[in-house]
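Please read these points with the structure open beside you.

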Amino acid sequence: MLLIDCPFCGKRPEIEFRYAGQAHISRPVDPNAFTDDAWAAYLYERSNPAGKHAERWHHVHGCRRFFNTVRNTVTNKFSISYPSGTSRPDAGKES
């Protein structure tokens, strides 16, 4: 079982959480200006790297807050958890 470190509640078992997609995806400022191709890219195109990946999680059975993590998709280990709306702490470091 994975332990996920909620920045608000601490480490909890994975069954308390739900994956909420790739982190740091912003909604378009002017949605009416988007073409169909731009909407398709916004809705469906996400990065899928082998290695460190910023993800958004929801602590459904705890504080009910959303937060971001950095997880290595090869080893399945979480390295950092941080509140949504903040920048990625290791953004300047290489994978």
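Predicted model: local features only at pLDDT ≥ 70, side-chain atom pairs only at ≥ 80, totals over all residues.

1. A disulfide is a covalent bond between the sulfur atoms of two cysteines. The structure holds 0 disulfides.

2. Cysteine 6 is in no disulfide. The nearest cysteine sulfur is that of cysteine 63, 3.8 Å away.

3. Cysteine 63 is in no disulfide either. The nearest sulfur to that of cysteine 63 belongs to cysteine 9, at 3.7 Å. The cut-off is 2.5 Å, so this pair is not counted as a disulfide.

4. Are cysteine 6 and cysteine 63 buried or partly exposed? Cysteine 6 has a relative accessible area of 2% and is buried, because buried means under 20%. Cysteine 63 has 26% relative accessibility and counts as partly exposed.

5. The volume of the largest pocket is about 210 Å³. Its lining is made up of 13 residues. Those nearest the centre of the pocket are Gln22, Ala23, His24, Ile25 and Arg56.

6. Which elements give two or more residues to the lining of the largest pocket? They are strand E3 (18-22) and strand E5 (66-72). E3 provides the largest share, 3 residues.

7. Sorted by class, the lining of the largest pocket has 7 polar, 4 nonpolar and 2 charged residues.

Technical notes:
Residues numbered from 1 in each chain as written. Heavy atoms only, no water. Buried < 20%, exposed > 50% of the residue type's maximum accessible area, 1.4 Å probe, protein only. 1 Å grid on protein atoms, 1.4 Å probe; cavity = no way out; pocket = protein on both sides within 12 Å on 5 of 7 lines; lining within 4 Å. Points joined across faces, edges and corners; volume = space filled by probe spheres on them. Helix = DSSP H or I, 4+ residues; strand = E, 2+ residues; numbered from the N terminus. Nonpolar A, V, L, I, M, F, W, Y, C, P; charged D, E, K, R; others polar.
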